[in-house]
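Reader: Please show the sequence and the structure, and then take me through the packing by question and answer.

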Amino acid sequence: PPASQNNEQGSTLRDLLTTTAGKLRLGSTDAGIAFAPVYSTGTASGKTGRTMPNILDDIIASVVENKIPPNRAPKINVKSEIKEEPKDDKKSIQDDCSKRYSDIQYSWICDKHVLWLRDHKNTNNWKLFKECWKQGRPVLVSGMHKKMNFSLWKAESISLDFGNQQADILNCKDSIISNTNVKEFWDGFEDVSKRQKVKNGETALLKLKDWPSGEDFKTMMPARYEDLLKSLPLPEYCSPEGKLNLASHLPGFFVRPDLGPRLCSAYGVAATKDHDIGTTNLHIEVSDVVNILVYVGIAKGNGVLSKSGVLKKLEEEDLDDLLRKRLKDSSELPGALWHIYAGKDADKIREFLQKIAKEQGLEVLPEHDPIRDQSWYVNKKLRQRLFEEYGVKTCTVIQFLGDAIILPAGALHQV
């Protein structure tokens, strides 16, 4: 639609579903949200329920019959306790949430931009998550490792079970990919002396990228796959069978994104001389993502920062007070540093990175997209310039063992 008609309405598909879901009376979930069931339902007598083409016909017929203008959706009242979506105003959202969700343990971090759900067991978490998710904001859920079988995710356990497999290993510093034995990677995961060396004698910063992924994950690691699925946060949204997980319920004739799961494993930068590199460069995912930190290795060997040294480096970041408090908690184990940006800032960031590339004498081709190509890790100095010159502020999050970070599609991030 024209920009004048957009008015923060969201996507056409989302509007279509929310506009018609209440009218069709196709079914509802325990969560109280109207939702069109995707699969046919059967009975002992062999009678089947409604099929997906019928549902799509109903939706189209409903829109045509009611002549709904594209820029205006009729009000629907699914349940009395579901209130009108609040205005996109941080203070009103937080004030409203503190009154309505007093039974949920939560905090706002990163200048009120990220919701932190502190009790992963609370079955009402999805209600507050829904309010935050409407605004396209990241969510942090802590303590997920307490639901998992920790022994399955240890480095030595994975190496023992799958060390003879071949996989692509990425050198994060120069982006060179090599196909090698997985055992080589895992042997050096916590023992720096066993890590590969680059030409100048420095220790290589390696990443086992997306291995295994998708159906390979499920086939190769069935016990770990089941352990992961039973431990997912906010199962209404994150579980493949979640009633509010729209992507999982799309019919087969849609082209689906790769929903994983995938295992991402990387060495930490604590053993490298250059701390201005990352294991995941700045990029955008095409679908919503939930990332759970299932294991944190403690590297040993020459040149590795001590635990106090690692904490000191993290404290130099622009951190929220609550994150600083978590760093001082001896029961918490920090493992990954995230920098997150809202999707609306993508064009500014793209323009900024192209400007920096020209300053550094790099060739900027018309077809070159620094975000799509994942060619940049934005270091501290550049993050400061990005804020000063373009007004784009970085949301810095430390991911501790057991933390699940949930990002909406389109959010930029690096790790």
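Author: A definition comes first: a crossing is left-handed if the near helix is turned anticlockwise from the far one by less than a right angle, and right-handed if clockwise. The model is predicted, so local features need pLDDT of at least 70 and side-chain atom pairs count only at pLDDT 80 or more, while totals for chains, interfaces and linings use all residues. Residues are numbered from 1 along each chain as its sequence is written, and side-chain values use heavy atoms, with hydrogens and water left out.

Reader: Which handedness does the crossing of H13 and H14 have?

Author: Helices (H or I, at least four residues) and strands (E, at least two) are DSSP runs, numbered from the N terminus. Helix H13 (residues 346–359) and helix H14 (residues 380–390) pack at an angle of about 120 degrees, with their axes 11 Å apart; axes are lines fitted to C-alpha atoms, for helices over the stretch in contact, and angles run from 0 to 180 degrees between N-to-C directions. By the definition above, the crossing of H13 and H14 is right-handed.

Reader: Why is S11 largely enclosed by the rest of the structure?

Author: Buried means under 20% relative accessible area, exposed over 50%, and partly exposed in between (1.4 Å probe, protein chains only). Cys395, Val397 and Gln399 point one way from S11, Thr396, Ile398 and Phe400 point the other way, and all are buried. S11 is largely enclosed because its buried residues number 6 of the 6.

Reader: Which residue of S11 is the bridge partner of Leu337?

Author: Two strands pair if DSSP finds at least two bridges between them. S10 and S11 pair in the antiparallel sense over 6 bridges. Within this pairing, the partner of Leu337 is Ile398.

Reader: Against which elements do the buried residues of H11 pack?

Author: Helix H11 spans residues 307–315, and Gly309, Leu311 and Leu314 in it are buried. These buried residues pack against helix H12 (321–327), strand S10 (334–341) and strand S11 (395–400).

Reader: Is Thr272 buried or exposed?

Author: Thr272 lies in the loop between strand S7 (265–266) and strand S8 (283–284). It touches Thr203 and Leu205, not counting residues up to four places away in sequence. Since its relative accessibility is 9%, Thr272 counts as buried.

Reader: What separates the C-alpha atoms of Thr272 and Thr203?

Author: Thr272 and Thr203 are 69 residues apart along the chain. Their C-alpha atoms are separated by 6.3 Å.

Methods
Contact = heavy atoms within 4.5 Å.
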